[in-house]
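Subject: Structure handover

Hello,

Here is the structure I said I would pass on. My notes on it follow below.

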Amino acid sequence: MVFFLEQLLNGLNYGLLLFLIAAGLSLVFGVMHLINLAHGSLFMVGAFVTVAVAGSTGSFWLGAAAGIVSTFLIGLVIERLIVSSLYARSHLDQVLATFGLILFFNEFLRWLSGGTPLFAPTPDGFGGAIEIVDGFFYSRYRLAVTIAALTVAAGLWFMLARTKAGMLVRASASDPAMVRHIGFDVRLVGAMVFAVGAALAGLAGVMSGPLVSVEVGMGEQVLIIAFVIVVVGGMGSIKGTFWASLAIGLVDTLGRAYTPVLMGGLFEPRTVASIAPSLSAVLIYVLMAAVLIARPQGLFAR
Amino acid sequence: MTETPLVVRELTKSFGGLNVTRSVGLDLRPGEIHALIGPNGAGKSTLINLIAGELRPDSGSIRLDGRDVTGLHSEQRVRAGLARSFQVSSVLKDFTVLENAVLAVVGRRQPALNWWRSTLSDTQFIEEAMAALEKVGLVRRADAKVSTLSYGERRHLELAMALALKPQVLLLDEPMAGVGTEEGRELTDLVSNLRNDCALLLVEHDMDVVFALADRVSVLVEGQLIATGAPGDVREMESVQKAYFGTEDVW
Amino acid sequence: MTSPSDERTMPASTLRPGLPSLGGDRAMLLLLALFALAPLVLEAYLVGELTRVMIYGMAACAVGFAIRHGGLVSFGHAAFFGMGAYCVLMARNAGYQDALLVWPLALLAVALLALVIGLLSLRTGGVAFIMITLGFAQMVYFVISGSQSLGAADGLPLFGRDMLAGISLDATEAFHYLVLVALGLVLLVMTRLSRSPAGLALRGIAHDERRMKALGYAPKRLQLTSFVFSAVVAGFAGVLAANFYQFVGPAYLHWLVSGELLVMVALGGIASLSGGLFGALILVLFEAVFSEYTTYWRIFLGPAVILSVLYLHKGVHPALERLLGGRDD
């Protein structure tokens, strides 16, 4: 039971982090109809910058701030220099150009870091475990991350649904011509959406530092899952992205945790040991295939 | 007794809360040119899309030559004998005129498409394609890339392709849009001659064209069909004059 | 209006039949000729590099074929490339080394995989299709790289190449010529398919799917066939790659491979069937040149790709064709 609760919370945690990444992807696609492969790279940059700055200054918070600000700025620069020329181009061209960005970021960071994985220490005060209910201990840091991510998600929802800026974003997504008529520069909206999306991915990277090993290529793993999320949830739908993120986070975590257990009842240990990891890794893609069969436009498509 | 080429009954479509098409009914007589007119935003394009099959109606039926096609996809309706042209010319720009025409001819052979034989070795395709091009006067441009064609020539090609499908019913969505006066006259003659091949439903804003071509006219206002009849009669109807009063459409 | 006496002459159009249908692509013929001459003038290492260019070029042409015929941008062709390679490994593990037996079976396996992935992926379109193919490729990657009997994460070596009707392919020259012949055949078949009514229809669908539907075409079936064919060619390249390297590992299935194949198509040119081949050549040359300066040569590859996408719209092939006096459509 404790195990289950722990995995449940882990799944939620993972799902929320995935949401932060997938949200940017979904927004940029919804507003500017652009597919951005380099989004995962911003996640990676966020993690790397945090580790580097925290490492040299000794302060996680400084590292975190640097991580968020740097990814926001890099997002802005990328958007102005490269992405803005891609809005009018085919999806293939967008894929190719942003793939070029991935190659650059990966190799650049590999050069800077020497290729070895880095580790971020848990920030002071957030180490250890906290007792949630009687006898059930959970990582304090993970709990903090969950709460933070939930707060950011709520903030994002609030901003989109309740503020003028959010309305502008949503309007640009459904009727850019109208927005132009009112006098707003859709491109400015696009640039902001891109940069904010980048910062969100960067934030996810910042928070993930102490949880995973920070290495080149970490961005692509989450990027591909983010793609699956966006397709499952329905392209351009933030609500869909949110629920799909949680669903996939839970399926993946619980799947990995329980597949060996479930298999253990049917197969001998050696088989379980060799097949279980692959099987659980594949679960989210099976989910993707199932959604494709049942509802190809995504679960929450408009 | 020949079947009525097109019978539309109680066609209804809403988007969210917006009733775009309200229980529209009309029919096409063999060999007639039937014009669909109405103020902007009346839902003419939506109606065309519904008949063509790009949109699914909420209720109502569409019968093509006696056959119920309401449940068919657009490409299936094409094969059943319903062709359309597009408001914004959408001939394939990177292909030659002849290739466009051949594509239209070959389309009728679906689904049994050949994968191995070179398209040109099938002289029947080429002949049919050239015949369609001849009807619209584009034979001498057969080898030209569509991107080099004038806008008017592209509209001619659009018609040729629709013709090559040998339809019973042809939907023309503003065929004269953007065409100059000289080419417009040619196009009008062309469309008029199409009567011999099929029944036409024509969406048009230009009233001169409507009067020159149409045997009957239907008026669509806010998704509802308010009048059908000979052009001269429809013009006199009070309901129609009221609908047009104050818009930029001039009688 | 044209007068009725105008002749309906057979137009001199791109539909013209004629001599070996590869005749229209001079740059490609030149390149193939150079490949043929290579073993006579170059040392073994360089010949091997050119063999590698041909193998990846074949896979890239496959990717390009699907894009041009049906508008299918697949970011998951590594799955098919790798599947071909792993079939060779599986056959070898089972004791089979006869190309005439193993290779057709490998292609069949790839075709089945592509059929399943294609059927599911084609339920979407556009951007979703790109993402889904990537997702499925990852699925294949995880399943296979988790399998102990197939070498797991480290992969497994093949000792010696497959035998072709009793003839050994272990020699560099022999294998080089085999790949050249295979490549030539693949290009010939592709040209044939492209000029057929189905090929023309697929090119139309890639151009404007809505318009094609209005002409009565049902895109999905045609697209599925195009996708499966493209996958089988990529699988064939994988079979050849396994034999070339005499080693099979998860790297074959990595999504970076899918990306690089797309880059090759982009660099070489989408509009021609042989574009992928030129792209492969460019990429290998690029690596050869820049890796002299630094092990981190890929830092330059990224911007090169970006610049090429932004400014070099049609890739290298059309320019080469013009240089050789051919048509560059």
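A residue is called buried if 20 or more other C-beta atoms lie within 10 Å of its own, exposed if 12 or fewer do, and partly exposed in between, with C-beta atoms placed from the backbone. A:F137 has 13 C-beta neighbours inside 10 Å and therefore counts as partly exposed.

This is a predicted model, in which local features need pLDDT of at least 70, side-chain atom pairs count only at pLDDT 80 or more, and totals for chains, interfaces and linings use all residues. Residues are numbered from 1 along each chain as its sequence is written, while chains are lettered from A and ligands numbered from 1 in the order in which they are written.

A:F137 sits in strand 2 (residues 136-139) of chain A; helices (H or I, at least four residues) and strands (E, at least two) are DSSP runs, numbered from the N terminus. Leaving out residues up to four places away in sequence, A:F137 touches A:A129, A:I130 and A:E131, where contact means that the C-beta atoms, placed from the backbone, lie within 7 Å. A:E6 is 131 residues from A:F137 along the chain, and their C-alpha atoms are 8.3 Å apart.

On confidence, pLDDT is the predictor's score for each residue, from 0 to 100. Chain A has a mean pLDDT of 85, with 99% of its residues at 70 or more. Within chain A, helix 7 (residues 176-182) is lowest, at a mean of 73, and helix 3 (residues 60-81) is highest, at 92.

In helix 8 (residues 186-208) of chain A, 19 of the 23 residues are buried.

Which chains share the most contacts? Of the 2 pairs of chains in contact, it is chains A and C. There, 37 residues of chain C are in contact with 37 residues of chain A. Helix 5 (126-145), helix 10 (255-268) and helix 12 (298-311) of chain C each supply at least two residues of the side that touches chain A. Helix 5 of chain C gives the most to that side, with 13 residues. Chains A and B do not touch, and their nearest C-alpha atoms are 11 Å apart.

Chain B has 9 helices and 10 strands. Its C-alpha atoms fill a box of roughly 60 × 40 × 40 Å along the principal axes. Of the 251 residues of chain B, 47% count as buried. Among contacts in chain B between residues at least 6 apart in sequence, 66% join residues at least 24 apart.

Regards
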